[in-house]
Amino acid sequence: MITIRPATVSDIPLIRSLAEVVFPATYEPLLPAGQVGYMMAWMYSVESLQRQMAEGHTYYIAYADDTPCGYLSIEQQATSLFHLQKIYVLPDFQGRGVGERLFQQAVTHVRKAAELPAWIELNVNRENRAVGFYLRMGMERLRTVDVEIGEGFYMNDYIMGLQVQ
């Protein structure tokens with residue numbers, strides 16, 4: 001059984017432990033050497049996660065039975081615009097419906113928090129196989145971006161979006 005619950009600051013160690021597995025597994029095949037470590041420090045340090053939560057990023061943690069197996073973070077950027085900052089499932093749990101349930105949680109979050117219709121947008125690496133997942137979830141490619149993130153690294157992404165009614 002898959003369950004999802006809101007995360008709190010006390011869950012930061014759990015979020016970090018999940019990210020330490022799923023983030024390198026996702027991006028080491030796609031990114032230049034050194035970029036995964038740089039991005040981990042940038043996005044998943046204790047200080048960064050605390051700041052994200054203080055600034056309004058809402059985190060959720062997914063469990064398969066009692067085992068934590070994924071997480072998402074969503075941020076409201078305008079009255080009817082939300083950015084799905086993070087949605088990750090541990091490799092051993094992929095293909096079991098966890099990602100779909102997390103995505104549905106993001107849509108539910110937006111329906112409760114926004115004036116509808118609203119938009120969910122996200123950045124996804126153009127080479128990430130998750131592009132197909134997001135298309136199956138009803139998202140569309142809105143634009144292509146190359147975002148400089150520091151240290152000479154870039155995120156070469158699609159911005160994908162879904163209108164929530």
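## Report on a predicted protein chain

In this protein chain, 13 positive and 18 negative charges are counted, and their mean positions lie 6 Å apart. The model is predicted, and every value in this report is computed from it.

**Overall architecture**

The secondary structure of the protein chain consists of five helices and seven strands. The protein chain is as compact as a globular protein of its length, because its radius of gyration is 15 Å, close to the 15 Å that the globule rule gives for 165 residues. Along its principal axes, the C-alpha trace spans about 40 × 40 × 30 Å.

**Surface, interior and contacts**

Of the 165 residues in the protein chain, 48% count as buried. The accessible surface amounts to about 8,400 Å², and carbon and sulfur atoms account for 49% of this area.

| Residue | Strand | Relative accessibility |
|---|---|---|
| Asparagine 125 | S5 (residues 118-125) | 7% |
| Isoleucine 159 | S7 (residues 153-164) | 5% |

Asparagine 125 counts as buried because its relative accessibility, 7%, falls under the cut-off of 20%. The side chain of asparagine 125 reaches the backbone nitrogen of glutamate 127 at 2.7 Å. When neighbours within four places in sequence are left aside, asparagine 125 is in contact with Tyr27, Leu30, Leu31, Val131, Asn156 and Asp157.

Isoleucine 159 is likewise assigned to the buried class, since its relative accessibility is 5% and buried means under 20%. With neighbours within four places in sequence again set aside, the residues in contact with isoleucine 159 are Glu121, Leu122, Asn123, Glu140, Arg141, Leu142, Arg143 and Val145.

Glu121, Leu122 and Asn123, which are in contact with isoleucine 159, fall within the residue range 118-125 of strand S5. Asn156 and Asp157, which are in contact with asparagine 125, fall within the residue range 153-164 of strand S7.

Definitions and conventions. Residues are numbered from 1 along each chain as its sequence is written. This is a predicted model: local features need pLDDT of at least 70, side-chain atom pairs count only at pLDDT 80 or more; totals for chains, interfaces and linings use all residues. Side-chain values use heavy atoms; hydrogens and water are left out. Helices (H or I, at least four residues) and strands (E, at least two) are DSSP runs, numbered from the N terminus. The radius of gyration is taken over C-alpha atoms; the globule rule is 2.2 Å times the number of residues to the power 0.38. Buried means under 20% relative accessible area, exposed over 50%, partly exposed in between (1.4 Å probe, protein chains only). Accessible areas come from the Shrake-Rupley method with a 1.4 Å probe; for residues, only the protein chains shown count as cover. Lys and Arg count as positive and Asp and Glu as negative; His and the chain ends are not counted. The place of a charge is taken as NZ of Lys, CZ of Arg, CG of Asp or CD of Glu. A polar contact is a pair of N or O atoms within 3.5 Å; within protein, one must be able to donate a hydrogen and the other to accept it, and residues adjacent in sequence count only if both atoms are side-chain atoms. Contact means heavy atoms within 4.5 Å.
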